Amino acid sequence: MENKKTLLEVKDLQMHFPIESGVIIKKKVGAIRAVDGISFEVGEGETLGLVGESGCGKSTTARCVAQLHKPTAGSVFLEGNNLCTASKEDILRARMDMQMVFQDPYASLNPRMTAGNIIAEPLQIFKKRGVLNIGQKEIVEKVEGLMEKVGLSRFFRNRYPHEFSGGQRQRIGVARALALGPKIILADEPVSALDVSIQSQILNLLADFQQELNLSYLFIAHDLAVIQHISDRIAVMYLGKIMETADSLDLYKHPLHPYTEALLSAVPIPDPEIERNRHRIILTGDVPSPDTERHSCYFYDRCPKKMDKCAKSVPALVDMGGGHKVACFLHHAVSES
Ligand SMILES: Nc1ncnc2c1ncn2[C@@H]1O[C@H](COP(=O)(O)OP(=O)(O)O)[C@@H](O)[C@H]1O
Ligand SMILES: [Mg+2]
């Protein structure tokens, strides 16, 4: 993927939500470190999978990239423009190139709007703000075209979200995200709320659009099995940090970080022989609350392979060769420690 042009570049991104106390005069007494300094890139036409347990900061990352949260620190470059310092106008224009698809298609679609109006909404908003020059008739044609593209009959245009199945509702979500002709889609667990049989249909739909439109995806999932096939590269996130990143196949074949190994050991392999003899790594407990500053490896509390030095400093994300990076002292050269 090295020869592809970079579309999105995230540098040292941090999102700390303040914890406040006091009724009238609010005082900051701490911070939830939802995202604690991460960097990654997504190339044109490429899919980066972002994976990690619930609560490790994936959604916050996507929301910071889309500028739905103003990050505490760091930069988000879309085609070289830093959105964190851009004007409101420029951010609005960037939204045409960058759209989101959310986990729960029922909660994210307005129940009082028809499917047609939901899909047309981004077009209407940009028309109203004078960014898009498009007539009402063109909008209707475009919406019908999008519906057919995502596998919904255009005759469903006047139906409401509750009249569709979960998979169909997510197709509406995808059509809405495609309406403005984006270059990248930030897909936040787009299939997690769907039945397994429907999941692959939506994944195939997204993969087809990527081929056809040279789209890039930041594809978020809590389950490595879901993003295995769709991702070119994968970044594994834990407690607001990236623990490991590599080409998809490389990560599956040669995981380096104990957290990645644990996530992978939970992925079922469709071969009873291998399944029976597999060594499973069961992580105990949950992701700790990210409300304290850490001076140890972020995975220290739950790591089955922790060493003394892991308690004393935070391992950097180091390239082990070929772009396979890991933040773990088990793999770092002696000279660094
Ligand atoms: N608006 C917010 N205010 C305070 N804390 C938040 C907010 N949004 C998320 N968090 C916290 O940030 C952490 C990461 O959340 P999130 O990004 O939703 O994780 P994920 O999507 O990986 O499940 C969690 O501990 C969550 O409780
Ligand atoms: Mg989430």
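Visitor: In which sense do strands S9 and S10 pair, and over how many bridges?

Guide: Strands of a sheet pair through backbone hydrogen bonds, either parallel or antiparallel. Two strands count as paired if DSSP finds at least two bridges between them. Strands (E, at least two residues) and helices (H or I, at least four) are DSSP runs, numbered from the N terminus. In this predicted model, strand S9 (residues 233–238) and S10 pair in the antiparallel sense over six bridges. Alanine 235 stands opposite threonine 245 in S10, and arginine 233 has aspartate 247 in S10 as its bridge partner. The two strands form a hairpin with two residues between them, and leucine 239 in the turn has a positive phi of about 50°.

Visitor: How should I read the numbering and the confidence limits?

Guide: Residues are numbered from 1 along each chain as its sequence is written, while chains are lettered from A and ligands numbered from 1 in the order in which they are written. As this is a predicted model, local features need pLDDT of at least 70 and side-chain atom pairs count only at pLDDT 80 or more, whereas totals for chains, interfaces and linings use all residues.

Visitor: How many residues of S10 are buried?

Guide: A residue is buried if 20 or more other C-beta atoms lie within 10 Å of its own, exposed if 12 or fewer, and partly exposed in between, with C-beta atoms placed from the backbone. Strand S10 (residues 241–247) has six of its seven residues buried. S10 also pairs with strand S12 (residues 325–326), in the antiparallel sense over two bridges. There, lysine 325 in S12 is the bridge partner of threonine 245.

Visitor: Which strands form the open sheet that includes S9 and S10?

Guide: The sheet has eight strands in the order S6-S7-S8-S3-S9-S10-S12-S11, and its pairing is mixed. Its edge strands are S6 (98–101) and S11 (318–319), each pairing on one side only.

Visitor: What is the order of the open sheet of four strands?

Guide: That sheet runs S2-S1-S4-S5 with antiparallel pairing. Strands S2 (27–43) and S5 (81–82) each have a single partner strand, so one side of each is left without a neighbour in the sheet. Strand S1 (residues 6–21) pairs with S2 over 13 bridges, and glutamate 20 has lysine 28 in S2 as its bridge partner.

Visitor: Where does helix H3 bend?

Guide: The bend at a residue is the angle between axes fitted to the seven residues ending there and the seven starting there. H3 bends by about 45° at glutamate 121, and proline 122 follows within four residues. Helix H3 (residues 115–128) has 14 residues. Just after H3, glycine 130 takes a positive phi of about 80°.

Visitor: Which residues of H3 are buried, and what covers them?

Guide: An α-helix has 3.6 residues a turn, so residues three or four places apart point the same way. In H3, Ala115, Gly116, Ile118, Ile119, Ala120 and Leu123 are buried. Their cover includes helix H4 (136–149) and helix H5 (166–178).

Visitor: Which members of the largest nonpolar core touch the most other members?

Guide: In soluble globular proteins, nonpolar side chains tend to be buried together. A nonpolar core is a set of buried Ala, Val, Leu, Ile, Met, Phe, Trp, Tyr and Cys residues joined through C-beta atoms within 7 Å. Of the 78 residues in the largest core, Ile119, Ile184, Leu186, Leu218 and Val236 touch the most other members.

Note on methods. Expected span 1.5 Å × (residues − 1). Contact = placed C-beta atoms within 7 Å.
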